[in-house]
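Here's a quick tour for anyone opening this one up for the first time. Have a look at the sequence and the 3D view, then read on.

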Amino acid sequence: MSAQSTAAIPSADVWRPSQTRRRWSGWLFYGLAVFSTLMGLVMLGALLYDIFTDGAREVDWHFLSNYPSRIADNAGLRSALLGSLWMLAFTAIIAFPLGVGAAIYLEEYAPDNWLTRFIQLNIANLAGVPSIVYGLLGLGLFVRWLELGRVVLAGSMTMALLILPLIIVASREAIRAVPDSLREGSYALGATRWQMVRQTVLPSAAGGILTGTILALARAIGETAPLITIGALTYVAFDPNGPLDIFTVLPIQIFNWVSLPQKEFHSLAAGGIVVLLVVLLTANSLAVYLRYRMQRRLQ
Amino acid sequence: MSPISRRRFLRAAGCGSLAAATAAVLAACGESSAGTQAEAGASAAAAPSMVQVTPPDGPIAGTILVDGSSTVGPISQAVAEEFQKQFSDVRVPVGVSGTGGGFKKFCAEETDISDASRFIKSSEAAVCDESGIGYIELPVAIDGIAVVVNQQNDWIGDTITTDELKEIWAPESEGAVMNWSQVREGLPNEPLLLYGPGTDSGTYDYFTRAINGEEGASRGDFTPSEDDNVLVQGVSGDAGAIGFFGIAYYEQNTGVLKALKVDGGAGPVFPTTENILSGKYAPLSRVIFIYVSTVAAERPEVQTFVEFYLKNAANLVGDVGYVPLPAEMYNLALQRFTTRKTGTVSALDGVTDTPNSVLQAWKAGA
């Protein structure tokens, strides 16, 4: 130490800001950030271009309203589309109240003790469990043990398990973002805890909760592995007529077409992907719209 | 594509608006479609006329669950499609859990008919026996396995012998036979790249037994894929590649692949429909089956479906890339079904899954 401090004072050049280098590293970082953004966009663009050039001309009413067929010209994805919508509807009915209820409990009611922290840790971990594991759980629990069979409801319950952690995490974030001043204001007016949650917290958090739920549902509609595991069928040429009916879904139908040798079916698969993307994008834009409306109403 | 009638357009528009609708509306839309199957059938001009069958006693309704091999799946789907046009109250969904997965469900009484690209194994049969499920074994078509190389591969000529195939695929060759020059005298020093179906597939089971003499015995250092289209891409992309898969995938890709004649000791034979049917394309062609549960066979709709299957398979298997059995075999199979002859002929000594061998076993009273 002492040797250093007594050494000759370095010349002033060392302290001169090396403008060029700092500018360059600044530009470099900017370039990297732009590159990262563009990379994702270009990939998405290429994917969409590829899919739409192959598949867009396949999508018409004939394609949406017909059942699958061994003759490519007659084939459609009606049963798969209806199966996906049925499954989605029941997944939402099951997962939404459970997810939001759990989030309200954890944020507004649960005492801060080891049990609560243990539950929270587990929910965070569940969000990272591979989807096939949920499929095996669904097969053992709903299909075999509850003896539901390979029906829409078994699929919905499995999917609900899969997206519950996502809904809980998103809803908790939204509820936590509600300022405490609102809660205290509510209490000050004589509200009970339930009234406070219902009339103050939930309306403020609704935008975030709905966004999280719809994004989670969008994930559910694209999942294939858990449904193949629980035994959703591949070829279905009738409409599922209720939650206790057998079914197929869009991703399975697409997979089936892709694996056939004939090229015409590969175009049909691309058409199926277009339909799946449209359903997904519709769900996502619904999420954006709902958030926008909720936020505006609050202001 | 046929022009869209006004009625169909309106119906489709009604269903299309579902994207944002509730389950109640879904149900309404689903119901309205019940009567549309006949109409859809009438517009399918390309479909050949089917042999009609009459249900044993009056109209039939219900659900027939079919699951099993992904090789047989397209045939069952084609038959189910035509069957449901004629009997719109019967629903025939088809799953593709694989031959093994299909038998698990079949012997647990979860399915009525199991698609199989090989005979039932004795371990699988034991499970069925235990749960009291009898099975009727019915051949439905012949599938040939094509051995293919890259189109740039001009050194191999047009023939490969089964001994050479064994040299390439044997378990001992793993890490050792890596070059075409090791396969045959005089072949150039080109790296050997192998592509084949995944180890869960019936095609893999069959190929390893036919070539290496033991089911499931092969080298492990090949590129496997459950999706045969991936194998097509792999072989067409590497000059030194060799692979095998069902002929349907070769026939759809003759422009990018080169199929080899296979010499099993009786001279080189190309996998044409005629050679597969006559049994000349040996040992790489095999019979594929459906197994019908004796419990399910009591139901009139299952009886009608199986009868329809065996009477129309000859018409339909070509559409999906397979070779029909000789007419005699379909007739005998139908006879086996009507007499509810259970069990598998593979339990007998020396019976293999070539059409002739199965036929001889039947005639010998199996």
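Helices (H or I, at least four residues) and strands (E, at least two) are DSSP runs, numbered from the N terminus. This is a predicted model, so local features need pLDDT of at least 70 and side-chain atom pairs count only at pLDDT 80 or more, while totals for chains, interfaces and linings use all residues. Residues are numbered from 1 along each chain as its sequence is written, and chains are lettered from A and ligands numbered from 1 in the order in which they are written.

**Chain A overall**
- Chain A has twelve helices and zero strands.
- Its radius of gyration is 26 Å, well over the 19 Å that the globule rule gives for 299 residues, so chain A is more spread out than a compact globule. (That radius is taken over C-alpha atoms, and the rule is 2.2 Å times the number of residues to the power 0.38.)
- Along the principal axes, the C-alpha atoms of chain A fill a box of roughly 90 × 60 × 40 Å.
- Of the 299 residues in chain A, 41% count as buried. (Buried takes 20 or more other C-beta atoms within 10 Å of a residue's own, exposed 12 or fewer, and partly exposed is in between; C-beta atoms are placed from the backbone.)

- Where they meet, six residues of domain 1 of chain A are in contact with seven residues of domain 2 of chain A. (Contact is when the C-beta atoms of two residues, placed from the backbone, lie within 7 Å.)

- Helix 11 (residues 250–258) of chain A is mostly covered, with seven of its nine residues buried; among them are I252(A) and W257(A).
- E147(A) lies in the loop between helix 6 (131–145) and helix 7 (152–176) of chain A.
- Phi of E147(A) is near 55°, a positive value in a residue other than glycine, and E147(A) counts as exposed, with 8 C-beta neighbours inside 10 Å.

**Strand 9 of chain B**
- Six of the six residues of strand 9 (residues 241–246) of chain B are buried.
- Strand 5 (residues 135–150) of chain B runs antiparallel to strand 9 of chain B, joined by five bridges, and V148(B) stands opposite G243(B) there.
- Strand 7 (residues 193–197) of chain B runs parallel to strand 9 of chain B, with three bridges; here Y195(B) has G243(B) as its bridge partner.

**A three-strand sheet in chain B**
- Strands 6-11-12 of chain B, in that order, form an open sheet with mixed pairing. (Two strands pair if DSSP finds at least two bridges between them.)
- Strand 6 (159–161) and strand 12 (268–269) of chain B stand at the edges with a single partner strand each, so one side of each is left without a neighbour in the sheet.
- Helix 7 (residues 162–169) of chain B lies across strand 6 and strand 11 of chain B, at about 70° to strand 6 of chain B. (Axes are lines fitted to C-alpha atoms, for helices over the stretch in contact, and angles run from 0 to 180 degrees between N-to-C directions.)

- Most residues other than glycine have a negative phi, and most peptide bonds are trans.
- A cis peptide bond joins A282(B) and P283(B), with omega about 0°.
- R340(B) has a positive phi of about 55° although it is not a glycine.
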